[in-house]
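Hi,

Here is the structure for your files. My notes follow below it.

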Amino acid sequence: MSNPLALIIEDDPDAAAIFAEALKAAQFEIEVVTRGDKALERLTVTQPAVVVLDMHLPHVAGPDILHYIRSNAQLADTQVIVATADPGMADTHTLGEQVALVLLKPISFSQLRDLAKRLR
């Protein structure tokens, strides 16, 4: 049986690399997308188990991607981890039950690895 897919939607290459290694260590298959519009394209043809979503992305913003995920029945089981440096975007009252976790950057390798393991 193959490992579940984790889609990392992050435009910062250093953060994306850390997230990718952490999720590999949590036994996910990894795909990284660096632009919001490309993320929406991928989400139309794949159903990742987990999405790590930066909220500030080029071309399509993170909140718009989150809305797309939550309005798409095929993605109903996708767990979303919001990763943001913006404390205002990390407001769990605003995000409510739309996301599994909200992490404020900087996010450590071990923090993401351990939390992602719980979502498997």
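How many bridges join strand 4 to strand 5? Four, and the two strands run parallel. Strand 4 covers residues 79-84. Val82 stands opposite Val102 in strand 5.

Some ground rules. This is a predicted model: local features need pLDDT of at least 70, side-chain atom pairs count only at pLDDT 80 or more, and totals for chains, interfaces and linings use all residues. Numbering starts from 1 along each chain as its sequence is written, and side-chain values use heavy atoms, with hydrogens and water left out.

Five strands form an open sheet, order 2-1-3-4-5, with parallel pairing. Two strands pair if DSSP finds at least two bridges between them. Strand 2 (29-33) and strand 5 (101-104) are the edges, each pairing on one side only. The twist averages 15 degrees from one strand to the next.

The helices. Along the sequence the pattern is β-α-β-α-β-α-β-α-β-α. Helix 2 (residues 36-43) lies across strand 1 (5-9), strand 2 and strand 3 (50-54), at about 140 degrees to strand 2. Helix 5 (residues 109-119) packs on the sheet and touches strand 3, strand 4 and strand 5. Its direction makes about 175 degrees with that of strand 5. Contact means heavy atoms within 4.5 Å. Axes are lines fitted to C-alpha atoms, for helices over the stretch in contact; angles run from 0 to 180 degrees between N-to-C directions.

Best wishes
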